[in-house]
Number of protein chains: 2
Amino acid sequence: MTFEIKERDAAGRLCKFTTKHGAVTTPNLLPVINPNKMMILPKEMKKRFGTEILITNSYIIYKDTKLRKKALEQGVHKLIDFNGSIMTDSGTFQSYVYGDVKLDPLEIVRFQRDIGSDIGTILDIFGTPGQTKEEAEQGVKETIARANKSVPEKGEMLLACTIQGSVYPDLREHCAQQLSGLNADFFPIGGVVPLMESQRYSDLVRCILAAKRGLDPSKPVHLFGAGHPLIFPLAVALGCDFFDSSAYAKYANDGRMIFQWGTKKFNDLSELPCGCPVCSKYTASELRELDAKERTLQLALHNLYVSFTEMKTIRAAITGGWLWELVEQRASVNPSLYDALRVLREPQHLHWLENYEPTSKKTALFYTGPQTIYRPTIFRYHTRLFTRYETLLKTTIVFPEGTKPYSMFYSREIIRILKKKNVNFVVDSHLGPIPFELDEMYPLAQSVFPDEIDQETKEKVQQVVDRFLKNKIVIHWDEYNTIKEKKSLKQNVDLDIRRISAVADMQFGRGASKALLDGDINIIKSKRTGKIRNIICDGSHVISMRAEDGLFTLKLDGGRRLHKGLKNPLLRVVVTDDAVPFVKEGKSVFAKFVKDCDPDLRPFDECIIVNENDTLLAVGRTLLNRVEMLAFCHGMAVKTRESIK
Amino acid sequence: MTFEIKERDAAGRLCKFTTKHGAVTTPNLLPVINPNKMMILPKEMKKRFGTEILITNSYIIYKDTKLRKKALEQGVHKLIDFNGSIMTDSGTFQSYVYGDVKLDPLEIVRFQRDIGSDIGTILDIFGTPGQTKEEAEQGVKETIARANKSVPEKGEMLLACTIQGSVYPDLREHCAQQLSGLNADFFPIGGVVPLMESQRYSDLVRCILAAKRGLDPSKPVHLFGAGHPLIFPLAVALGCDFFDSSAYAKYANDGRMIFQWGTKKFNDLSELPCGCPVCSKYTASELRELDAKERTLQLALHNLYVSFTEMKTIRAAITGGWLWELVEQRASVNPSLYDALRVLREPQHLHWLENYEPTSKKTALFYTGPQTIYRPTIFRYHTRLFTRYETLLKTTIVFPEGTKPYSMFYSREIIRILKKKNVNFVVDSHLGPIPFELDEMYPLAQSVFPDEIDQETKEKVQQVVDRFLKNKIVIHWDEYNTIKEKKSLKQNVDLDIRRISAVADMQFGRGASKALLDGDINIIKSKRTGKIRNIICDGSHVISMRAEDGLFTLKLDGGRRLHKGLKNPLLRVVVTDDAVPFVKEGKSVFAKFVKDCDPDLRPFDECIIVNENDTLLAVGRTLLNRVEMLAFCHGMAVKTRESIK
C-alpha cells in the first residue's frame, strides 16, 4: 500500500492510495455492493461513475454456502465481477442491527484474506451513542484486543481497524492512538450511523476530531456508514478520506432522492431539481410512468450521480483552495450541520485545524456568513498579529467609523497621502486590524466580504481590534489634518522596508526580518505594477515577494541568513544522512527521509533544509506539517528550491 | 396570450404562459440564438433541455439582406428551425454596445410582427447605471413615447415594453406604471446587464422591486440579459418570470464554465464539480483533449444544463414552498448577493413582499443564517402578534435563559404540568415569543433552527420579545414553583378554547374568535393524535384545524358567522353578478370575475365569497392577493370550498 498527499486544503487532503488492484484518488466513495442482490453491477458503476473502489460484506458471503464456496475458489473480485479495489466489511454492523452474529473475530479476518479482499476489516464492537462511558470503554478495550490479534492474520491484505468509543472524545482518541500503534493500514471511524440518522452532526464532528487527533496522519481514514453527501464536505475538511454508500440503494428502494443539500421523496417533487444524466433524460412525470423496478434503478443511479458529483466537487475544492467555502455553504442548508460548524470554534479544535491549514491558496477567501471569521486562516492571522508583528511606529491612525472596510477600501487618494507622509496606519477591516505593511499578504488582500457583515462577526473582530489598539496612540482621521505638521509624524522610515520587514516577521517568525535585512537593501520592483519583487541585501538576492499572495519565496542566500539568525529548530526541516546527497542535487525531500521539523511550520511554508548536524543544505517549501512529515512513508515532504552544491 | 398562476412561493410564481406557438411554464430561460451563428441548434436544445421558448435578435436579421429576406418569406420559426415560442429583441442592446444603430423604432416593431415573432420588443432606450437622473429621465420618457407608438403596430404579435430608469427606483416605478397602462403584453426589465457584470446585485434588487411595484402583476416579467443562474432564485423570488442566456455561449467561447454558485475557468479545474451529462461523460482531462471547437460546444452544453437545472430547481422550490431557503443558500456563495439580500430587510420592501407571501407552505421553514429572521412569513407573525393576538391571561411565564428554544424545546414534562395548571406561558424561541396557544400554527411549529443562532438574529428577536413583554407580569420558571399555589395562577379557562380563539384571531383577524365561537362549543379531537380537529358551535361545524399547519379551514357555517361578525370588506372576495350562479354551483372563482377583495387577504388565506351586495355565497381559499385578483384575466382567484345552494 502507498498513501501520499497530492493536494490539500483545510485539514482535508487529496491523496493517491494504492492497493494490489490499482490506484484510487481520495477523497472517494465506496458504493456498497450486496453480493446477494446487486441493484447496479460493479462494472456498470465503473463505466458510469469511474468507480475505483467499492465495499462488500464478507459476513454475508461467509454465511451463504454458495457465495462462500465461490469466493474462496475464485476470489471476491470474480464473485462480484470487479477488477478495481475491493474493501470488505466484517459483520460488525450486522451485529449492531441484528444483535450477536456468532462469528469468530479471527476467522472472519482470515476469511477476508483468503477471498482476496484488498482491505479487510476487523470484527470490532459497535459502540452506540446511548452507551454509558463504562460500556463504551469495555467495547473499545475489546475492539483493541481484537485488532491486536487480527493484525498477524492479515497476510497481504490491508487491514482496517475501526475506531470506536461512542460519543466520548477521550475514548475515541485513546482508541485511535492504540490502533495507530499496531501494524494496521486503514482506519474506519465506526459507530457513527446512529449519529448520522438522528442528524447529530455536532457529535459526529467531535467523534471525527477526536479520532483524527489520536490517529497516525499517514493512514487513510474512512467514515464508516456515512453515505449522505450532505456530510461529505465537512468530514473531508476534518481529514476523512473515504465514505461508503448503501444509501443510494436503500433510499431508492424507499422512493427517496438524494441531493447535495438533503433528501426529498420522489413523489413530493413536481420537477427534478437536478441535472444528472437520469434527471436530464427523464422528467418527473416520465419517471413516474416507468415500472416500479426500473424507476427504483433510475433513482439509485441518480443517487450515485449526486454522491459522486459531490466527491468530484470536493476534490476540485481541495485543489482550488475553496473547501471551507464549500463546507460553510453546505451548512447553510441544514440547521444541524450549521450547529456542527460551531464545534470548530472551540479553541482546541481551532488550534488543531490551524496546524493543517495551508498558508496560501489559489482562491481568495470568500465570506459566507457568521462562521467565516472562525476559519483557521483568520485565526492564524490574528494569532500572528500579536506574536509576530512588531509595530515599527508608535503612531497609528485608525480610520473613523463609516470608512469602507478593506475589500471596498478607503480611497486611493488617502492611501497616497498617508504613504507619502510615512504615516503608519491600520485599516479597520472585516478581518480585524490590518497594519498598512501587511495589506497585500494572504488572506488580507485575497478576501471578499459583503459590504455589511453580521453582528456576530463584527463583535468578534472588535475584540481583536480592541486588543490591538491597547497601548497605542490612536489618531482618528479627522484629527489627522490638524496635527500632520507635528514632528512626531515626520518620520523617515522607508515604507517598502517596513512592508518587507513586517511580512517577513509574520511569515517566518519574530526576528526573521532582522536576520534577512541586515545590510544594504536594494529593492527591485515590477516595472508593470510597481510592486516589490526581489530583495537584494548586501548584493545577494535573499527573498522575492509573490504577486499572488504577497508572501515571500525564500532564496538560498536568504536561507543562509535565516539559518544563522533563527535558532535551531526554527524554520528547519532536518533530513537523514542518506537523503543529503539527493537534497544537494536539488531533489525534493520525501517524507520518509525527514528526521525532524520545526513544529511551527505549516503546509506550504518556506523552510530551510538541514542535515542532522544543522548544516544548511537547501531552501524549499513544505507540503506537510511536522506530524505529517514524521508519519508519512510515501510522498513528498518538502519541495526543494535551491540547494548548496 | 394567457398567463395564469399555478403555484407560488415568496413573490415568485409558477405560471402557464401561452403564445401562438404553445404553452410555456414559467419561470423559464430563453437561450439566445444568434441567427448568424448557432452554436447549438434550437432543435437540439428542445431535445436536450426541453426548451419551450427562445430569443433571437430581429436587428441582426433585419440588417442582413439574406436573413431578412428569408425571415420575411418563411417566418422566423423556419429561419431558425424551431416550432416553439420565439421572442425577438429589437437592437436596443446593440445600440448600448455599439452606439446609435440608426434604426426606426416603429420599423423594427413592424418587422418583428411581419416575420411572425411570438413576442416582439420595442426599441427602448438603454439606461446605464452611470447616467444622471436627468439623462435617465429623458431615456424613460422616450422609451414610454416609443412604446405608445409601437403598441398600435403590434398586430397579433405580443409586444414586450421594456422598463428602463437606470438605478433610480422612482424612475423605474414610474416607467413600469406608464407601460402597464398601455396595451402591452410582456415586460422586460432592461438596462441591468452592466449591474450584473459588476455584481451590483443590491442595485439590481432595487431595480426589480421598483419595477414590480409599478407593474401590472398579471403580466410576465423578463429580467433582460440576466443569464447567470446565480441570480435566478432571488430574481424569481421577487417576481421575475423570464431570463435569457447568451452567457452559455459567450462563457463557453471564453473557456468558462457556469455553475449555480458562480463561474470557473475550465483550465483552473482539475475535476469538474458537476454531474450534468457533459461532466458525467467526460473527465476534465478528457475534455482538455478534445479539439477546441468540440470542447467549446461541450462547455456551452454544460452551461445550458446548469442553467436549466437551476430553473427546474426553482420551479420545484416554488411548488414545494422552499424558495426562500434556496435564495438564502445561494446568497451564501457570493458576498455581493449576500449584500443584496439585506435590501429586502428595508420596511417598504418587506411590506411589499408580505403581500405576496403564502400563509402556509408544504415545507417547514429552515434557518440558513442571519437573513432568515427577515423572511416575510416571520415579519407577518411578528406583526400579527401585536395587532391580532389578544392575551387572554395576565400572567406570562417566560422561560429562563438557557432553556432550549422552541424547535428543540423545553421538556414534555414541563408542558404537561403547565397545561394541567392552566398556566399561560410564552416560549422564548428563535422566532420570538410564542404564546402557548399558537405553538402549533405555521410557521411556529413548522420551523427548523440550529441550537445556536447568530448574534444578529438574537438581537432582532430580543426587540420583539421586549415589546411583547412590556406591561406583562413576567414570572421566571425558577420562581414559578414557589408561587404556583397562589390564587393568581389558579384559573379555569379551557385551554383548547384559548388555543382556538388565539389562532382564529391571528388567522382571520381581530374579533374573528368572538364571531366564530359565540355559543356552546364542542371540540372534536383526533383519536390518534389527540389534536383538535373540528369545532362545533351551537351544533354547527364552523372550522376545522389542519394537522399540517395548525391553521383553520373555514366551513360554510363558520363563514356565515364571520360574514355577520366581521365588517365589510373584511375577509370578503366580491364577485361580479355574472359569476354568482357558478359560485353557487360550487365552482371556483376566476380572477376576471373578482370585483373587489379585502386588501388584508393573502395567498392561501381562507375567505368568504360574496356578491356585490355583500350577500354571502360561499367560503373558499384564495390563490391570489387583492392586486393580483384585480389584475389577472386568466386563472383561478379563489378555490371555492362550500357554497350556499
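Trainee: At what angle do helix 10 and helix 17 of chain A pack, and how far apart are their axes?

Mentor: This is a predicted model, so note the terms: local features need pLDDT of at least 70, side-chain atom pairs count only at pLDDT 80 or more, and totals for chains, interfaces and linings use all residues. Residues are numbered from 1 along each chain as its sequence is written, chains are lettered from A and ligands numbered from 1 in the order in which they are written, and side-chain values use heavy atoms, with hydrogens and water left out. Now the pair: helix 10 (residues 201-214) and helix 17 (residues 335-343) of chain A pack at about 35 degrees, with axes 7 Å apart. Helices are DSSP runs of H or I with at least four residues, strands are E runs of at least two, and both are numbered from the N terminus. Axes are lines fitted to C-alpha atoms, for helices over the stretch in contact, and angles run from 0 to 180 degrees between N-to-C directions.

Trainee: Which residues of helix 10 and helix 17 of chain A make the contact?

Mentor: Helix 10 of chain A gives Tyr201(A), Ser202(A), Val205(A) and Arg206(A). Helix 17 of chain A gives Ser336(A), Leu337(A), Asp339(A), Ala340(A) and Val343(A). Contact means heavy atoms within 4.5 Å.

Trainee: Why is His302(A) called buried?

Mentor: Buried means under 20% relative accessible area, exposed over 50%, partly exposed in between (1.4 Å probe, protein chains only). His302(A) has 0%, so the residue counts as buried. His302(A) is found in helix 15 (residues 292-320) of chain A. Its contacts beyond four places in sequence include Met257(A), Phe259(A) and Cys274(A). Val278(A) is another contact, with a C-alpha separation of 5.8 Å from His302(A).

Trainee: Is Trp322(A) buried or exposed?

Mentor: Trp322(A) is at 8% relative accessible area, so it is buried. Trp322(A) lies in the loop between helix 15 and helix 16 of chain A. Among its contacts outside four places in sequence are Asp9(A), Thr363(A), Trp261(B) and Lys264(B).

Trainee: What makes a space a cavity?

Mentor: On a 1 Å grid over the protein atoms alone, a cavity is a set of points where a 1.4 Å probe fits but cannot get out. Lining residues have an atom within 4 Å of a point. Grid points are joined across faces, edges and corners, and a volume is the space filled by probe spheres set on the points. The count comes to 18 cavities of 30 Å³ or more.

Trainee: What is the volume of the largest cavity, and how many residues line it?

Mentor: About 610 Å³. The largest cavity is lined by 34 residues, with Gln260(A), Arg330(A), Gln260(B), Trp261(B) and Arg330(B) nearest its centre. The second largest cavity holds about 210 Å³ and is lined by 20 residues.

Trainee: What is noted about the phi of Ala10(B)?

Mentor: Most residues other than glycine have a negative phi, and most peptide bonds are trans. Ala10(B) has a positive phi of about 50 degrees although it is not a glycine. Ala10(B) is at 0% relative accessibility, so it is buried.

Trainee: Which kind of peptide bond runs from Thr26(B) to Pro27(B), cis or trans?

Mentor: Cis, with omega near -5 degrees.

Technical notes:
On a 1 Å grid over the protein atoms alone, a cavity is a set of points where a 1.4 Å probe fits but cannot get out, and a pocket is an open set with protein on both sides within 12 Å along at least five of seven lines; lining residues have an atom within 4 Å of a point.
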